[in-house]
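Please inspect the sequence and the coordinates before reading the points below.

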Amino acid sequence: HPTTQARHVGIVRSVEGNSANIAARLSSHRKAVYGMLSAGLAKGHRANPPASLRVEMVFGVPVLLSGLASLVLSAKEESLLAQQYKVHLQRLLRLHQATPAPVVFMLAGCLPLQGQLHLRMFTLFGQLCRLRDGNNILAVRARDVFSSALSSSKSWFWKLRQLCLQYGVPHPLTWLSSRPS
């Protein structure tokens, strides 16, 4: 009988949305961070906030964002992830819970989660642009989506086009035709 979920390359695809994948990412991130607490990152071990942040950037963020760059996340899903990440950084830095988000990210020396996710999406698209033409069936699909007048909120390529407009970078068709180095 038909199923509503499938796992593909470690990413849970579901007809109900991305909630299963987001829950898995948050759970994996929590486990990864708690696994490192015994290495001196816990408050009881007189944790060093800069060292904790470095471990988070090198080890925690890749676990949290693993596979999310290939999904089309809704604004609600992105804000849920961003809020969890902000609270996590506040705790690592031992800041008051009412500390404004820009202050948290400035003190942590990192981008907000949405910015990190968008960078990963641009990186993924850059890899797609550098594929050889014979192996690049995705580039053909991307050209079709980018040249279409109809928008689709469920299209990863359309989301990327919106991000290009948001950040003021060249249109994705320019990237596809120039094959960036």
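How many salt bridges does the structure hold? The structure holds 1 salt bridge, a salt bridge being a side-chain nitrogen of Lys or Arg within 4 Å of a carboxyl oxygen of Asp or Glu. This is a predicted model, in which local features need pLDDT of at least 70 and side-chain atom pairs count only at pLDDT 80 or more, while totals for chains, interfaces and linings use all residues. Residues are numbered from 1 along each chain as its sequence is written, and side-chain values use heavy atoms, with hydrogens and water left out.

**Overall architecture**

- The secondary structure of the chain comes to 8 helices and 2 strands, where helices (H or I, at least four residues) and strands (E, at least two) are DSSP runs numbered from the N terminus.
- From the N terminus on, the order of elements is β-β-α-α-α-α-α-α-α-α.
- Of the 181 residues in the chain, 37% are buried; buried means under 20% relative accessible area, exposed over 50%, and partly exposed in between (1.4 Å probe, protein chains only).
- Among contacts with a separation of 6 or more, 62% join residues 24 or more positions apart, a contact meaning heavy atoms within 4.5 Å.

**The salt bridge**

- Glutamate 78 pairs with lysine 159, and their closest N and O atoms are 3.4 Å apart.
- Because glutamate 78 belongs to helix H3 (residues 75–93) and lysine 159 to helix H7 (residues 156–167), the pair ties together parts that are 81 residues apart in sequence.
- Both partners are buried: glutamate 78 has a relative accessible area of 11%, and lysine 159 has one of 17%.
- In general, side chains of opposite charge can pair when their charged atoms come close.

- Ala139, Ala142, Val145 and Phe146 are the buried residues of helix H6 (residues 137–147).
- These residues cover an arc of only 120° around the axis, which puts them on the same side of H6; the arc is that of the directions from the helix axis to the C-beta atoms.
- Ile137 and Ser147, on the other side of H6, are exposed.
- The packing partners of the buried H6 residues are helix H5 (113–129), H7 and helix H8 (172–178).

**The H5–H7 contact**

- H5 and H7 pack at an angle of about 115°, and their axes are 11 Å apart; axes are lines fitted to C-alpha atoms, for helices over the stretch in contact, and angles run from 0 to 180 degrees between N-to-C directions.
- The residues making this contact include Gly115, His118 and Met121 of H5, and Trp156, Phe157 and Lys159 of H7.
- By class, the residues of the contact of H5 with H7 are 11 nonpolar, 3 polar and 1 charged, with Ala, Val, Leu, Ile, Met, Phe, Trp, Tyr, Cys and Pro counted as nonpolar, Asp, Glu, Lys and Arg as charged, and the others, Gly among them, as polar.

**Individual residues**

- Histidine 29 sits in helix H1 (residues 19–41) and is buried at 8% relative accessibility.
- Not counting residues up to four places away in sequence, histidine 29 touches Glu56, Gly60, Val63, Leu64 and His88.
- Glycine 17, in the loop between strand E2 (11–14) and H1, is partly exposed with a relative accessible area of 24%.
- The C-alpha atoms of glycine 17 and leucine 73 are separated by 8.5 Å, although these residues are 56 residues apart along the chain.
- Arginine 94, in the loop between H3 and helix H4 (101–108), has a phi near 60°, a positive value in a residue other than glycine.
- Arginine 94 is partly exposed, at 45% relative accessible area.
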